[in-house]
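User: Could you walk me through this model? I'd like the overall picture and then a few local spots.

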Amino acid sequence: MTREGIRGDSDAGTDAAASFDPLRPLLTRVAYRMLGSVADAEDVVQDAFIRWLGTDRDAVREPAAFLRRTVTRLCLDQIKSARNSRETYIGPWLPDPLVEEEEEDDVTLPLMLALERLSPLERAAFLLHDVFGVGFEEVAKTIDRDPAATRQLAARARTHVRDARPRYKLEKEQGLQIADAFFAASRSGDMSALGALLAADVGMWADGGGKRPAAAGPVLGYDVVLKLHRSLAVLFGKYGSTLVHTCMINGLPGFVTREADGELQTTALEIVDGKVTAIYVMRNPDKLRHMH
């Protein structure tokens with residue numbers, strides 16, 4: 001290739017990056033909400049950039065809409081293959097934990113789990129319209145359906161996920177105080193204090209992905225969850241569990257710890273009326289890699 005050709009490719013790459021990079025955070029959020037995986041979201045966005053490099057960018061009137069459409073379609077393709085691997089996943093599957101400094105939207109961890117139960121097109125219609133505020137005409141173009149069908153997809157999704165959306169907003173400070181209290185009680189073995197924090201119908205889900213020890217299925221009910229924590233407290237007392245910090249994890253109050261094996265762990269708490277109704281623990285090291 002001539003020097004002029006190399007310079008031309010370099011200029012094109014710089015030009016493409018200049019228009020793409022400001023949109024990268026939004027595109028990554030769209031991809032992560034669709035896929036529940038940080039690494040997969042980053043791969044999809046990078047794939048979209050490679051496609052952007054090969055696009056006649058002068059002919060694109062709205063780069064944000066064009067790229068959001070590209071990313072969504074790539075995600076829909078990815079979901080098909082991801083669903084096959086989920087069938088062989090060991091234990092409960094949870095989305096990768098995102099420690100959030102600021103709330104970008106109201107997609108909490110329970111809502112992301114509810115989205116997993118939707119069809120890929122329902123998920124896309126709901127996220128693009130209800131979460132990211134995209135008009136139905138544009139959503140219809142993105143998922144290659146007519147606007148009426150797209151409205152139906154979003155309405156069906158809304159019905160399915162209604163129970164997963166918080167009925168009232170928990171004050172962040174109150175949530176983090178409960179998370180602090182939960183950490184202290186669970187690690188010290190103070191079951192009386194821990195029990196006072198739990199709702200009667202509390203459930204616990206731990207994702208080890210077959211890479212680290214974790215319960216093989218959901219642990220449901222006050223007595224069973226408390227019994228499990230009584231056993232865990234013995235291990236914490238013997239081997240240690242260090243608090244890294246309390247924080248918001250996928251829109252829920254929680255905390256990051258470093259466990260006895262040296263690996264990170266996240267615990268996110270769903271709280272209703274001041275009581276912990278669900279505990280989500282991420283132990284799979286593959287899903288914590290982005291936090292190192």
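This is a predicted model: local features need pLDDT of at least 70, side-chain atom pairs count only at pLDDT 80 or more; totals for chains, interfaces and linings use all residues.

User: How many helices and strands does the chain have?

Analyst: The chain has 11 helices and 7 strands, taken as DSSP runs numbered from the N terminus (H or I of at least four residues for helices, E of at least two for strands). Its C-alpha trace spans about 70 × 50 × 35 Å along the principal axes.

User: And what share of the residues is buried?

Analyst: Of the 292 residues, 46% count as buried, where buried means under 20% relative accessible area, exposed over 50% and partly exposed in between, with a 1.4 Å probe and protein chains only. As for contacts (heavy atoms within 4.5 Å), residues 24 or more positions apart account for 65% of those with a separation of 6 or more.

User: Which residues of α5 are buried?

Analyst: Helix α5, residues 109-116, has 8 of its 8 residues buried, so it is largely enclosed by the rest of the structure. The buried residues are Leu109, Pro110, Leu111, Met112, Leu113, Ala114, Leu115 and Glu116.

User: What about α6, is it mostly covered or mostly open?

Analyst: Helix α6 is mostly covered, with 9 of its 12 residues buried, and these include Glu122, Arg123 and Phe126. The 12 residues of α6 (residues 120-131) should span 16 Å at 1.5 Å a residue, and the end C-alpha atoms are 15 Å apart, which agrees; the expected span is 1.5 Å times one less than the number of residues. After α6 comes Gly133, which has a positive phi near 70°.

User: At what angle does α2 pack on α6?

Analyst: Helix α2 (residues 24-35) and α6 pack at an angle of about 140°, and their axes are 10 Å apart. Here the axes are lines fitted to C-alpha atoms, for helices over the stretch in contact, and angles run from 0 to 180 degrees between N-to-C directions. The two helices, α2 and α6, are therefore oblique to each other, given that angles under 35 degrees count as roughly parallel, over 145 as roughly antiparallel, 65 to 115 as roughly perpendicular and the rest as oblique.

User: Which residues meet there, in α2 and α6?

Analyst: On the α2 side they are Val30, Arg33, Met34 and Leu35, which meet Pro120, Arg123, Ala124, Leu127 and Leu128 of α6. The residues of this contact divide into 7 nonpolar, no polar and 2 charged, where Ala, Val, Leu, Ile, Met, Phe, Trp, Tyr, Cys and Pro count as nonpolar, Asp, Glu, Lys and Arg as charged, and the others, Gly among them, as polar.

User: Now α9 and α11, how do those sit?

Analyst: Helix α9 (residues 172-188) and helix α11 (residues 222-239) pack at an angle of about 75° with their axes 7 Å apart, and α9 and α11 are therefore roughly perpendicular to each other. The contact involves Phe182, Ser186 and Arg187 of α9 together with His229, Ala233 and Phe236 of α11, a set that divides into 3 nonpolar, 2 polar and 1 charged.

User: Where do Asn250 and Asp273 lie?

Analyst: Asn250 lies in the loop between β4 (241-249) and β5 (252-259), and Asp273 in the loop between β6 (264-272) and β7. Asn250 has a positive phi of about 50° although it is not a glycine, and Asp273 likewise has a positive phi of about 50° without being a glycine. Asn250 counts as buried at 0% relative accessibility, whereas Asp273 counts as exposed at 64%.

User: Last one, what is His292 in contact with?

Analyst: His292 is placed in the segment after β7 (275-282) and is in contact with Glu263 and Leu264, leaving aside neighbours within four places in sequence. The C-alpha atoms of His292 and Leu264 are separated by 8.3 Å, although these residues are 28 apart along the chain. At 60% relative accessibility, His292 counts as exposed.

How values were computed: Residues are numbered from 1 along each chain as its sequence is written. Side-chain values use heavy atoms; hydrogens and water are left out.
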